Amino acid sequence: MARATKEEALETRNRIIDAAEEVFYARGLAQTSLADVAVAADVTRGAIYWHFKNKADLFEAMADRVCLPMESLMNTPLEQYANDPLGHLRSTWIHLLHDAAQNERTRRVLDILFLKCELVDRNDPIWIRQQACYLSGLDNMERILKDAIVLKQLPADLNTRLAVLTLHGQVIGLLMNWLFCPDAFDLAEVAEQVIDTCIDSLRYAPSQRLKQA
């Protein structure tokens, strides 16, 4: 009986997250209340508060079900890419773009995150989480580039901070443009070539080098 109750609670929790994803996608984050989610999930508001502290907590649970770009880079153990950091960076970005193009859940969550997440309050827990994830992801990506320099995969005078800002802007910009207008191009088809173009700029672009004193 206890096991059945635990399984029912998990099923209810997942149903609430599914409903939140649907309503956030249809209405946007700011325009959705927990009451709206309760109606979509066919549960009471009390049931939502049993599983989630607030809307930010529910949003985080929804986002945690997909592989977000910066979190994937942030959580990769060193031993998984120690022998080929640049190859790891390349394959990670290509995989994430393919996943966005081919996985409906990933696409919907990224659409909510980038296009329907109206953040106006810098003290909002969702804002704080996203900002922390972004900053940690940049730091980890820069560490990967520095490891690539040590292995001579990239030039020794690469400006790594400028490089990660440029690379992140290019890839996330591509992703946001596709989410905004998916008929404009085939994301899965162009993903590998775009990432290789970005990596080539790290290797060869003079503007990515440290300036000599």
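Colleague: Is Arg65 buried, partly exposed or exposed, and at what relative accessibility?

Modeller: First, the ground rules: this is a predicted model, where local features need pLDDT of at least 70, side-chain atom pairs count only at pLDDT 80 or more, and totals for chains, interfaces and linings use all residues. Residues are numbered from 1 along each chain as its sequence is written, and side-chain values use heavy atoms, with hydrogens and water left out. Buried means under 20% relative accessible area, exposed over 50%, and partly exposed in between (1.4 Å probe, protein chains only). Arg65 therefore counts as partly exposed, at a relative accessibility of 28%.

Colleague: Which residue forms a salt bridge with Arg65, and how far apart are the closest N and O atoms?

Modeller: A salt bridge is a side-chain nitrogen of Lys or Arg within 4 Å of a carboxyl oxygen of Asp or Glu. For Arg65 the partner is Glu21, with the closest N and O atoms 3.5 Å apart. The pair links distant parts of the chain, 44 residues apart: Glu21 is in helix H1, and Arg65 is in the loop between helix H4 (55-63) and helix H5 (69-74). Helices here are DSSP runs (H or I, at least four residues), as strands are (E, at least two), numbered from the N terminus. Glu21 counts as buried because its relative accessibility is 5%, so the answer is Glu21, at 3.5 Å.

Colleague: Which residues are linked with Glu21 and Arg65 in a network of salt bridges?

Modeller: Arg108, in helix H7 (residues 104-115), is one of the members. Arg108 is buried, with a relative accessible area of 16%, and touches Glu21, Glu22 and Tyr25, not counting residues up to four places away in sequence (contact means heavy atoms within 4.5 Å). Besides Glu21 and Arg65, the network holds Asp18, Arg105 and Arg108.

Colleague: How many residues apart are Glu11 and Arg15 in helix H1?

Modeller: Their side chains meet in a salt bridge of 2.7 Å, N to O. Glu11 is partly exposed at 42% relative accessible area, and Arg15 is partly exposed at 29%. Both lie in helix H1 (residues 2-27), about one turn of the helix from each other, which is four residues.

Colleague: What separates Glu142 and Lys146 in helix H8?

Modeller: Glu142 and Lys146 form a salt bridge, with the closest N and O atoms 3.9 Å apart. Glu142 is buried at 12% relative accessible area, whereas Lys146 is partly exposed at 45%. Because they are four residues apart in helix H8 (residues 125-150), what separates them is about one helical turn.

Colleague: How many salt bridges does a search of the whole structure find?

Modeller: The pairs discussed above include Glu11 with Arg15 and Glu142 with Lys146. The search of the whole structure gives a total of 16.

Colleague: Which residues touch the most other members of the largest nonpolar core?

Modeller: Such a core is a set of buried Ala, Val, Leu, Ile, Met, Phe, Trp, Tyr and Cys residues joined through side-chain atoms within 4.5 Å. The largest one has 57 residues, and H9 gives the most to this core, with nine residues. Leaving aside neighbours within four places in sequence, Phe59 is in contact with residues including Phe24, Leu29 and Ile112. The two that touch the most other members are Phe59 and Trp93.

Colleague: What is the phi of Asp42, and where is Asp42 found?

Modeller: Most residues other than glycine have a negative phi. Asp42 has a positive phi although it is not a glycine. Asp42 is exposed, with a relative accessible area of 68%. The phi is about 60 degrees, and the place is the loop between helix H2 (34-41) and helix H3 (45-51).

Colleague: Which feature does UniProt place at residues 33-52?

Modeller: In the model this span is 75% helix and 0% strand, with its end C-alpha atoms 13 Å apart. UniProt positions are given in the numbering used here, feature names are shortened, and annotations may be inferred rather than shown by experiment. The record, an unreviewed entry, gives the name "DNA-binding region".

Colleague: How many helices and strands does the protein chain have?

Modeller: From the N terminus on, the elements run α-α-α-α-α-α-α-α-α-α. The count is 10 helices and zero strands.
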